[in-house]
Amino acid sequence: MQRVSLFGYGKTTKALAKLFSNPTFYDDKCTKPFTDENGYKVKPPFDFNPNYSDLEIPSPGIPPSNPLIQKAKNLISEYDCFTHATPLSIWISGTNGKTTTTQMMQYLLKENGSLEGGNIGTPLGDLDQNAQIWILETSSFTIHYTKKASPNIYVLLPITPDHLSWHGSMQEYIDAKLKPLSKMREGEVAIIPEAYKDVKTEAHLITYKDEMDLASSFDIEIDKVSFKGAFLMDALLAMAVDKILFDRVDYAKINSFVIDPHRQEELRDSKNRLWVNDTKATNLDAAIVALKRYKEQYVRLILGGDDKGVDLSELFAYLQNCNVKIYTIGSNKEKLCTLAQQYGVAFELCKNLADAVAQIDKVLQADEAALLSPAAASLDEFKSYADRGEQFKAAIRAL
């Protein structure tokens, strides 16, 4: 009998457990062994012995530096468990826009028997293998651990600095994003940024420079697509896959898609002033995209949180040419103030998010925009990026 070790006791590994006979979980939060309600053993990490394990599958977020990963001898990913048991699979990766692109694609393809999953919320172990199509939001963490699995269609959004402390370097991060291409076969399709046009793959490559280039490649009339800013790229990529699979371009369908909260979500206060909840902008590229959308206005930008050690100089080089003042919050707020001084960007140091809203409330004019686009993760001061966004909206309602 194969001895299976599952690293992490969470949604992904719990869904995988039913594929195996008597797997054992090892979790950093477990200090004393116990048996859960399904009869599975859950143990502390120090109980793991690689000599008594034939297969190890980690939760995607566990970094390579974790002692469990270091000890493992037979490591595979969640995706590898379904290498020979998936329907037609579409993987969506990149730095920003994965979730929205996945949701838009599912919206377009649902009538054709598609299911969405992966990083978007539903683990592969809970997806129906009899579906016609799997649309999988795919993180660089998952790809890093994947040895065998590959997509039939790979959609890669632009790659910008993110998760560098996890991967170790920008090049390692890029390599993870490009890794699926090395295993794709003739007849399969990859849509990737032109910067990576020289990557080695047997798949048919379609490269793009920007939204106009992408629309041109698939004969999409861009002025008929209602999405702007960051969401235009997401919509075009979803439409491109619909065109590849079913040779159709449905403008009415894509334009009826409703975007999730927390991404460039516009709100008006009691004085009809514009506030924008873009809390899901957890890296510098996402913040730059949001700033581009509001470039015609003076922007009061709330910035800061856990930046994971990323070099933010690129963001401040961009801010130099914006009509903007930043209001810094979070664990990196002093660092942001130092950068603002270096680059000549107007700034104000705030105690927290509520204080930033209060400071902006005093000066915000009717023709300006107040933008929460933190360019950082939220867990330094909030439960999640969504919690940060909800607190932002609550503060605005209270004005």
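Is Thr12 buried or exposed, and what is its relative accessible area?

Modeller: The model is a predicted one, and the values below are computed from it. Thr12 has a relative accessible area of 16%. Because a residue counts as buried when this value is under 20%, Thr12 is buried. Its place in the chain is within helix α1, which covers residues 11-17. When neighbours within four places in sequence are left aside, Thr12 is in contact with Pro60, Glu78 and Pro123. Thr101, which stands 89 residues away from Thr12 along the chain, has its C-alpha atom 21 Å from that of Thr12.

Another helix may be considered next. Helix α8 has 17 residues, numbered 230-246, and at 1.5 Å a residue it should span 24 Å. The C-alpha atoms at the ends of α8 are 25 Å apart, which agrees with that expectation. Of the 17 residues of α8, 14 are buried, so the helix is largely enclosed by the rest of the structure. Just after α8 comes Asp247, with a positive phi of about 50°.

There remains the second largest pocket, which holds about 320 Å³ of space. Its lining consists of 16 residues, and those nearest the centre of the pocket are Asn22, Pro23, Thr24, Lys41 and Lys43. Two or more lining residues come from each of the strands β1 (4-7), β2 (24-26) and β4 (41-43).

Note on methods. Residues are numbered from 1 along each chain as its sequence is written. This is a predicted model: local features need pLDDT of at least 70, side-chain atom pairs count only at pLDDT 80 or more; totals for chains, interfaces and linings use all residues. Side-chain values use heavy atoms; hydrogens and water are left out. Helices (H or I, at least four residues) and strands (E, at least two) are DSSP runs, numbered from the N terminus. Buried means under 20% relative accessible area, exposed over 50%, partly exposed in between (1.4 Å probe, protein chains only). Contact means heavy atoms within 4.5 Å. The expected span of a helix is 1.5 Å times one less than its number of residues. On a 1 Å grid over the protein atoms alone, a cavity is a set of points where a 1.4 Å probe fits but cannot get out, and a pocket is an open set with protein on both sides within 12 Å along at least five of seven lines; lining residues have an atom within 4 Å of a point. Grid points are joined across faces, edges and corners, and a volume is the space filled by probe spheres set on the points.
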